[in-house]
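This report walks through selected local features of one protein model. Keep the sequence and the coordinates in view while reading.

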Amino acid sequence: MIKNYIKIAWRNLLKNKTFSFINIFGLAVGLCCFLLISLYVIDELSYDRFYENADRIYRINSDIRFGGNDMKMSQSADPMGAVLKKDYPQVEQFTRIYTNYGSNFIKKGTEFISEEKIAHADSTFFDMFSIPVLEGNPKTALDAPNTVAISKSTAQKYFPATDALGKTLEIGLTNKTIYNITAVYEDMPSNSHFNFDFICSMDNVNYDWGNFTSHNFSTYIRLKEGVDYKIFNKNFDQVIAKYMLPKLGQLMDIKNLDEFKKTGNKLEYSLFPMTDIHLKSDRSSEIEEGSDIQYVYIFGAVAVFLLLIACINFMNLSTARSANRAKEVGIRKVLGTERRTLISQFIAESALTSYIAMALALLMIAFLIPPFNELSAKSFSFSTLFNIKFLPILLLLPLLVGILAGYYPAFFLSAYQPIETLKGKHNAGFVKSNLRSILVTFQFVVSLTLIISTIIVYQQLNYIQTKNVGFNKDQVLILEGIGALKENQEAFKNEITQLAGVKSATGANYLPVSNSSRNDNTFSKEAVMTKDNGFGMQVWRIDYNYIPTLGMEIAKGRNFSREFGTDSSGLIINETTAKLLGYSDPIGKKVYTSNGDGSQMNISYTIVGVVKNFHFSSLRENIGPLCMKLGVNRNGLAFKVNTTDMPNLLSQVESKWKKAAPDTPFLHSFLDESFDEMYRAEQRIGKVALIFAFLTILIACLGLLGLVTYMTEQRIKEIGIRKVLGASIPSIVGMLSMDFLKLVLISICIASPLAYFAMKNWLQDFAYSVHISWWIFVIAGVFTMLVSILTVSYQAIKAALMNPLKSLKME
């Protein structure tokens, strides 16, 4: 019986080539997109879940508001983990990770290699995170100073011909340290929110230990089984009262936390599930840039909708061409075939179509995997589809799609009465169907929503690129690893500024892009800080040329100058800080900060200038308080250049670098590229939305073309009679097109508000965003209407131009 079903299904596919092509191609595109996006979604949702006890591991987050400056941090004070384990038996273990220390240059032979994946961690790191240790003892690997654990690939890179365990590594350019390799661990999976090749002992961090007011450590704790982390969060108020309020009270004359909060300030800590960090954390200073659960939802919805649109095409075309199968159904029923047998036959045809589409989809994926990896920033391979976790999807998805797409047509076709069909009264092959109209409308609602969303995403990206961000990011060359120059840094900088096309140079420790140094500190308007006059802000160390090199503007006062010896205790503040201070003219006013341990506000600075606000973080955030003071920059150099021959200039700079630091690689970047990197996720969303908007409109129009084709076949006699009676070609085309264009118009009315509210919600993630203009909806609607008219008109004009005598003779 099954063999017979397949044989009949195959004959029907070959008999109706146009119908078969539209269905198979549409389903193949839908399945291809569904599988690719499924790979992405499954990978995103799998982050950090492979660790043992992952459901009991949490990171301590900090929420601080001080003097109107909000800080949502992924880091906490260094004693926090130890205090929680000591005071609360619910805490089973803790560990800390420190990622903002030392140089990223490792010596190999006589050369230095730049490495980015370096961290310092407590000796409990491997107890907290179940990373397989291949060599060495994970319990003692990081116990002592000057010890380091390295990944397997790193061991092969630095010691290809021998075991790495027991060997040494020299880390750093200026402050060199010799580390003993005490462990080699398996490479960390890519679906982890951190991925380190070097884990150094925490004992090598030069830090003011035991300071509850400084937050620089990613602290993780593991709770005992059965402990609810939301209930445990209530304990943090006790921790604050016991360990932090005494210091705050000494500085600000406050007696309890409520008194601190009444002034509008905030000091809160909370546990955040490790498995949610990659997708749901919106904190500053993340170890690695995460993603957004919204994008996972969007991609998942798009995948499902694309597949649904392809299934809808199958359902619509199957019911629309029902007249072609009516006599077959009637004869088979007269011969005694039961309805359930007919249903099985039609579903078998649908399933066969679906499996053929799946084979074509896999062929598409084989070619599309490389560009998809580039688009999604992943590293999937074609074989990933055939692993044990994904294989059931490959086998069952075509069957489910076949049943979903074929279920309604099977019941629709099998319901024909044999007497009526054999008498020829089935002529309603393309009668108006409310369900069919709803399905076509749904297709175009999805397509229009994606088109409108794509336009708004690209409008926002263009806004980011063209907005005046308060500094000039174009043609600013950044050099890293200048510690290798040692005492020759100034000479090298002067030598480069002599090159044609180089306008100025400055230190590049602090840059207004992500992945640059940041430093928060506490200040007050008076020598004695109170709960009312204290505030926090960014403190950047710059040199005399920083502001002109980056094209920033002084709003009041002046830039730092060598002519003023007192500038060593001077500050340049941004406009946000000036507004926070409340002075009509802040020039000459003093602000105060502590001597480093937070015990007293005994250091004063005089404000010498106000720089116009510039965006030193993403446009998702408001511009916060910031000040600049004179200081030494030892991590990088920035050069403002003006040249039309950038490759030649880079070649000259590299040549001089190799002479000055022959053992250190020449590492450079451009400020505008680093700026763009902050919005890489949005750029990916824009590209994905554009591709899927095109695919949805393509599949929807394919279905529309198929429907119009079968409609004209069913109404061929009516068209012939109308032409004989004098109907014009435009009137016939209008008659054939109007029903479909009405559905497209309804789709525009439904999709416009849906897209508006969806994109308005997306834009709320940005502190600075575009206004959603009415013309966006007009353009999307007109575009969709034109594409629909072209799709429908082609077949309608073809039918209208047919010789009426031929069509009537056919009948």
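## Helix H19

How many residues does helix H19 have, and how far does it reach from its first C-alpha to its last? The model is predicted. In it, H19 spans residues 646-660 and has 15 residues. It reaches 21 Å from first to last C-alpha, close to the 21 Å expected at 1.5 Å a residue.

Which residues of H19 are buried? They are Met-646, Leu-649, Leu-650, Val-653 and Trp-657. These residues lie on the same side of H19, because they cover an arc of only 95° around the axis. The face turned away from that buried side carries Pro-647 and Lys-659, which are exposed.

Four strands form an open sheet, ordered E16-E24-E15-E25, with antiparallel pairing. E16 and E25 stand at the edges with a single partner strand each, so one side of each has no neighbour in the sheet. From one strand to the next, the twist averages 25°.

E16 and E24 run antiparallel and are joined by five bridges. Thr-506 stands opposite Ala-638 in E24.

## How helix and sheet meet

H19 lies across E15, E16, E24 and E25. Its direction makes an angle of about 25° with E15.

What covers the buried residues of H19? The cover includes strands E15 (476-480), E16 (502-507), E24 (636-641) and E25 (668-670). Helix H16 (489-497) is also part of it.

Ser-376 is found in helix H12, residues 339-376. Is Ser-376 buried or exposed? Its relative accessible area is 9%, under the 20% cut-off, so Ser-376 is buried. Leaving aside neighbours within four places in sequence, Ser-376 is in contact with Tyr-40 and Arg-684.

Ala-377 sits in the loop between H12 and helix H13 (391-414). At 53% relative accessibility, Ala-377 counts as exposed. Its phi is positive, about 60°, although Ala-377 is not a glycine.

## Positive phi at Asn-53

Most residues other than glycine have a negative phi. Asn-53 has a positive value, near 60°, and is a residue other than glycine.

Where is Asn-53 placed? Its place is in the loop between helix H2 (17-45) and strand E1 (57-66). Asn-53 counts as partly exposed, at 30% relative accessibility.

Key: Residues numbered from 1 in each chain as written. Predicted model: local features only at pLDDT ≥ 70, side-chain atom pairs only at ≥ 80, totals over all residues. Heavy atoms only, no water. Helix = DSSP H or I, 4+ residues; strand = E, 2+ residues; numbered from the N terminus. Expected span 1.5 Å × (residues − 1). Buried < 20%, exposed > 50% of the residue type's maximum accessible area, 1.4 Å probe, protein only. Arc of directions from axis to C-beta. Contact = heavy atoms within 4.5 Å. Pairing = 2+ DSSP bridges. Axes fitted to C-alpha atoms, helices over the stretch in contact; angles between N-to-C directions.
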